[in-house]
Amino acid sequence: MPNQMFEVASPFEDIDLSEGMFEGLVEDTLDAQSLEINARRALVENAESLRLARSL
């Protein structure tokens with residue numbers, strides 16, 4: 001038998017990959033929710049500013 005190094009497949013590689021993908025999806029979802037909240041807030045503030053300008 002030759003004296004060579006060999007690699008054994010890790011049973012944890014797939015789990016690590018899926019956890020990383022899940023964390024990425026969670027971060028993307030939170031970013032999307034934050035963008036939506038900020039956009040809605042900007043619309044409301046803009047509408048309030050327009051009402052105030054019209055009342056002057």
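A salt bridge here is a side-chain nitrogen of Lys or Arg within 4 Å of a carboxyl oxygen of Asp or Glu. By this rule, the count comes to 1 salt bridge. The structure is a predicted model, in which local features need pLDDT of at least 70, side-chain atom pairs count only at pLDDT 80 or more, and totals for chains, interfaces and linings use all residues. Residues are numbered from 1 along each chain as its sequence is written, and side-chain values use heavy atoms, with hydrogens and water left out.

**Fold and surface**
- The protein chain comes to 1 helix and 0 strands (DSSP runs of H or I, at least four residues, for helices, and of E, at least two, for strands, numbered from the N terminus).
- Helix H1 covers residues 13–55.
- Of the 56 residues in the chain, 0% are buried (under 20% relative accessible area, with exposed over 50% and partly exposed in between; 1.4 Å probe, protein chains only).
- The accessible surface comes to about 5,800 Å², and carbon and sulfur atoms hold 60% of that area (Shrake-Rupley method, 1.4 Å probe; for residues, only the protein chains shown count as cover).

**The salt bridge**
- Arg 40 and Glu 36 meet through their side chains at 2.6 Å, N to O.
- Because these two residues are 4 apart in helix H1, about one helical turn separates Arg 40 and Glu 36.
- Arg 40 is exposed at 54% relative accessible area, while Glu 36 is partly exposed at 41%.

**Surface patches**
- Patches take residues with over 30% relative accessible area and no salt bridge, joining like charges within 9 Å and nonpolar side chains (Val, Leu, Ile, Met, Phe, Trp, Tyr) within 5 Å.
- Phe 22, Val 26 and Leu 30 make a nonpolar patch of about 290 Å², and Leu 30 sits in helix H1.
- A patch of negative charge gathers Glu 19, Glu 23, Glu 27, Asp 28 and Asp 31; among them, Asp 28 lies in helix H1.
- For charges, Lys and Arg count as positive and Asp and Glu as negative, with His and the chain ends not counted; the place is NZ of Lys, CZ of Arg, CG of Asp or CD of Glu.
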